[in-house]
Amino acid sequence: MMRNKWLLAEEHNQLINLPNSGYIRKRLIKDNNGAFISIIEISNGSLLFTVLPDRGMDIGELHLGSQKMSWERSEDYLLHPSNVELDESSGTGWMKGFYGAVAAIGPELFGTPGEGFTLHGSGSYSIAAPESIQVAWDDQSVKIAGQVPVINRHGEWLFDKRIQMSTEWGSSLILREETVRNSSGHTQVLDDGYHIQLSGSFMHQGGRYVLPASQHELLIRDSAPLEEDPFHIPSNKEAYPMRCYQYVPRPVDGLYHFAKLSPHLGKMNVSRGLTGEMIVNTDKTYAGYVIRPLFDFPRSLIAKQIDSSFMFAIEPCRTRPNRMSQKITDGEALYLQEGETASSCCIIGLSDSRDEILNLESMILSAAAAS
């Protein structure tokens with residue numbers, strides 16, 4: 001049981017030292033429109049991540065030691081939800097405030113604009129209840145938890161999300177868990193996932209996606225020119241049209257033997273297996289990876305674009321990022337009755353160990369070869 005707690009509602013902006021060289025700190029910044037945004041920093045002594053209570057408990061940045069491992073995105077992009085109009089530009093207004101290393105998609109109607117909803121849903125634009133947020137720690141780990149009432153773009157209360165993120169002392173991975181409750185008073189589609197940006201400066205000289213799928217299983221989702229090798233990430237900074245590929249990831253059986261995962265396996269529904277995806281630089285000295293149960297998120301999307309911020313994303317998702325009418329026709333949609341809940345979890349990991357990177361690469365490629 002966790003023995004020590006830090007409450008956001010009682011916090012006075014001082015740095016709190018934790019065991020094993022870890023710490024907690026809250027910062028307060030103003031966005032470009034003058035609205036205040038809270039940023040909570042949590043360090044386990046090795047890994048540092050920031051949490052954004054005003055943005056649905058998203059993760060803002062990820063650092064491993066001195067290396068920033070997440071999107072090289074300025075805090076100037078970080079906007080308070082009151083300064084983001086989700087309906088703008090045919091449902092792509094979320095892009096103006098797009099900043100997080102780990103941003104929620106959904107939980108309502110994630111997909112292609114055009115059927116009366118926003119592309120990424122409003123989970124990232126709903127504010128966590130400040131009194132619900134606490135950090136707790138013991139001899140093994142530190143965790144942060146909070147409650148997010150999810151408000152759709154019309155201001156209607158649809159869901160409650162209970163979010164918890166935990167990390168072992170000195171570990172290089174985070175377990176993110178969510179329980180979503182339908183609070184709307186009527187049946188709702190639950191359609192969630194994450195947009196995960198593990199694309200810091202370590203990727204700016206190029207690298208690769210390592211995926212549990214073969215090239216012919218990747219379905220390109222845009223009108224950009226076809227690539228000879230869709231797994232390749234170029235090293236140049238020239239204009240590079242965005243490319244998005246969706247696919248069904250295969251189970252990666254080797255992950256059951258991945259030692260860093262063992263403390264978290266008991267919290268996962270592995271009835272359909274585990275899968276993992278990785279993004280790695282050319283020298284294989286740095287990598288970011290995503291591991292999750294296929295029961296929770298059986299679909300995947302990758303998105304890559306080289307511009308001033310080098311976007312290389314991994315997106316585990318519950319259903320294909322397609323029109324909701326098509327998902328319903330195909331039987332993919334998951335319905336929650338009034339008051340019903342659903343839970344999910346996802347591992348976000350970082351590595352600066354070449355041996356570990358090669359080991360994970362071998363596991364994932366073995367699954368891809370099974371096709």
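Tutor: The sulfur of cysteine 244 lies 11 Å from the closest cysteine sulfur, that of cysteine 317, which is too far for a bond. A disulfide here is a pair of cysteine sulfur atoms within 2.5 Å. Cysteine 317 has its own closest cysteine sulfur in cysteine 346, at 11 Å, again too far for a bond. The structure holds zero disulfides.

This is a predicted model: local features need pLDDT of at least 70, side-chain atom pairs count only at pLDDT 80 or more, and totals for chains, interfaces and linings use all residues. Residues are numbered from 1 along each chain as its sequence is written, and side-chain values use heavy atoms, with hydrogens and water left out.

Next, burial. Buried means under 20% relative accessible area, exposed over 50%, partly exposed in between (1.4 Å probe, protein chains only). Cysteine 244 is buried at 14%. Cysteine 317 is buried too, at 0%. Of the 371 residues in the chain, 59% are buried.

Now the chain around them. Its secondary structure comes to three helices and 24 strands. Helices (H or I, at least four residues) and strands (E, at least two) are DSSP runs, numbered from the N terminus. The C-alpha trace spans about 55 × 45 × 45 Å along its principal axes. Among contacts in the chain with a separation of 6 or more, 65% join residues 24 or more positions apart. Contact means heavy atoms within 4.5 Å.
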